Amino acid sequence: EQRFVWNHKLLEPFAGAHQTRCLLPVVCGFAKVVPLSGLKQQASMAVIGRRDWHRCGYRYLSRGIDAEGHVSNAVETEQIV
């Protein structure tokens, strides 16, 4: 999704290019995989967080929601087991 690609404005002029392997989207986030213990079967849990670029900033300088519905410092979090 474009809302998590921090350099999407720099990549726009090259969107129609055939050599897209050279384009690197930058995403601000976190990912971690940990094994789950105490189960009869082996299992792992993954946590992935991606930060939205629309209203990023320090928590005391950027607050609330704008007219387009972008909340301040939004993070989308996924958990995979």
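Trainee: What relative accessible area does Cys28 have?
Mentor: Before we look, remember that this is a predicted model, in which local features need pLDDT of at least 70 and side-chain atom pairs count only at pLDDT 80 or more, while totals for chains, interfaces and linings use all residues. Residues are numbered from 1 along each chain as its sequence is written, and side-chain values use heavy atoms, leaving out hydrogens and water. Buried means under 20% relative accessible area, exposed over 50%, and partly exposed in between (1.4 Å probe, protein chains only). Cys28 is partly exposed, because its relative accessible area is 33%.

Trainee: How many disulfides does the whole structure have?
Mentor: A disulfide is a pair of cysteine sulfur atoms within 2.5 Å. When the whole structure is searched for such pairs, the number of disulfides found is 0.

Trainee: In what order do the elements of the chain run?
Mentor: Helices (H or I, at least four residues) and strands (E, at least two) are DSSP runs, numbered from the N terminus. The chain has 1 helix and 3 strands. Read from the N terminus on, the order is α-β-β-β.

Trainee: How many bridges join E1 to E2?
Mentor: Two strands pair if DSSP finds at least two bridges between them. E1 covers residues 29–36 and E2 covers residues 43–51, and the two run antiparallel. The number of bridges joining E1 to E2 is 8.

Trainee: Which residue in the hairpin of E1 and E2 takes a positive phi?
Mentor: Look at the 6 residues between the strands of this hairpin. A positive phi near 85° is taken there by Gly38.

Trainee: Which residue of E3 is the bridge partner of Gly49?
Mentor: E3 spans residues 75–80, and E2 pairs with this strand in the antiparallel sense over 6 bridges. In E3, the partner of Gly49 is Thr77.

Trainee: Why is one side of E1 and of E3 left without a neighbour in the sheet, and which strands stand at the edges?
Mentor: The sheet is open, with 3 strands in the order E1-E2-E3 and antiparallel pairing. Each edge strand has a single partner strand, so one side of each is left without a neighbour; the edge strands are E1 and E3.

Trainee: What is the average twist from one strand to the next?
Mentor: Axes are lines fitted to C-alpha atoms, for helices over the stretch in contact, and angles run from 0 to 180 degrees between N-to-C directions. From one strand to the next, the twist averages 10°.

Trainee: Which residues does Lys32 contact, leaving aside its neighbours within four places in sequence?
Mentor: Lys32 is found in strand E1 and is partly exposed, with a relative accessible area of 48%. Lys32 and Val47 are 15 residues apart in sequence, and their C-alpha atoms are 5.4 Å apart in space. Contact means heavy atoms within 4.5 Å, and the residues in contact with Lys32 are Met45, Ala46 and Val47.

Trainee: Which residues does Ser72 contact, with the neighbours within four places in sequence left aside?
Mentor: Ser72 is found in the loop between E2 and E3. Its relative accessible area is 15%, so Ser72 is buried. Its contacts are Arg55, Ser62, Arg63 and Gly64.
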